[in-house]
Amino acid sequence: MTDVETTSRGLTSTGPTEEVTYWYGDEPTDRRRRSKAVLEALRIYRAAEVAMRRRTRDSMAMGENELLVLRYLLRDATRRVRPGELTRYLGLSTASTTAILDRLERSGHITRAANPEDRRSIFIQATPRADVEVRQTLGNMHDRMLAAVIDMTPEESAAVVAFLQRMSDAVDGVAVDKRAVDSP
């Protein structure tokens with residue numbers, strides 16, 4: 001494994017015995033150096049992904065939450081989804097979810113249908129147009145991402161999946177310390 005080159009990313013270059021120590025202390029072991037290189041590569045990937053998502057939102061003239069709703073609905077077009085499920089998924093208020101659904105309905109990306117078993121509730125469904133538009137917009141990106149991993153060995157795939165699961169667990173376990181936020 002090679003270290004991530006920091007000079008091309010606009011970070012300070014260090015010599016062979018010096019390391020960037022901003023986040024992770026100054027223990028100059030090979031293990032720590034490799035760990036930092038992995039975390040830096042992950043940060044660089046995340047920045048690229050954030051930029052890609054912004055370009056996608058811009059090209060579809062939608063916000064992040066609108067895209068999240070469409071992706072959620074398109075995962076299983078036969079599933080019956082109520083607005084409350086989307087509210088919980090997005091972590092928003094009912095009013096905010098309603099505003100998002102109104103915009104998506106006006107743009108022709110979703111439909112609302114009465115629940116035949118309970119006329120007081122409705123189901124939300126992505127339209128065929130939404131499916132086509134999302135596939136056209138994201139299809140090339142998904143093809144490129146698949147091409148980047150398709151030739152991985154089973155061992156490489158298992159290592160990457162295990163790493164990403166550990167990272168997900170690590171960041172999901174972070175709670176905001178109110179004292180740190182309130183401190184000057």
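This is a predicted model: local features need pLDDT of at least 70, side-chain atom pairs count only at pLDDT 80 or more; totals for chains, interfaces and linings use all residues.
Residues are numbered from 1 along each chain as its sequence is written, and side-chain values use heavy atoms, with hydrogens and water left out. Local features need pLDDT of at least 70 and side-chain atom pairs count only at pLDDT 80 or more, while totals for chains, interfaces and linings use all residues.

Helices α2 (residues 64-75) and α3 (residues 83-90) pack with their axes 11 Å apart, at an angle of about 120°. Helices here are DSSP runs of H or I with at least four residues, and strands are E runs of at least two, numbered from the N terminus. Axes are lines fitted to C-alpha atoms, for helices over the stretch in contact, and angles run from 0 to 180 degrees between N-to-C directions. Contact means heavy atoms within 4.5 Å. On the α2 side the contact is made by N65, L68, V69, Y72 and R75, and on the α3 side by E85, L86, Y89 and L90.

The largest nonpolar core has 21 residues. Such a core is a set of buried Ala, Val, Leu, Ile, Met, Phe, Trp, Tyr and Cys residues joined through side-chain atoms within 4.5 Å; buried means under 20% relative accessible area, exposed over 50%, and partly exposed in between (1.4 Å probe, protein chains only). V69, L70, L73, L86, L104 and I110 have the most contacts inside this core. Helix α2 gives the largest share, five residues.

T87 lies in helix α3 and counts as buried because its relative accessibility is 13%.
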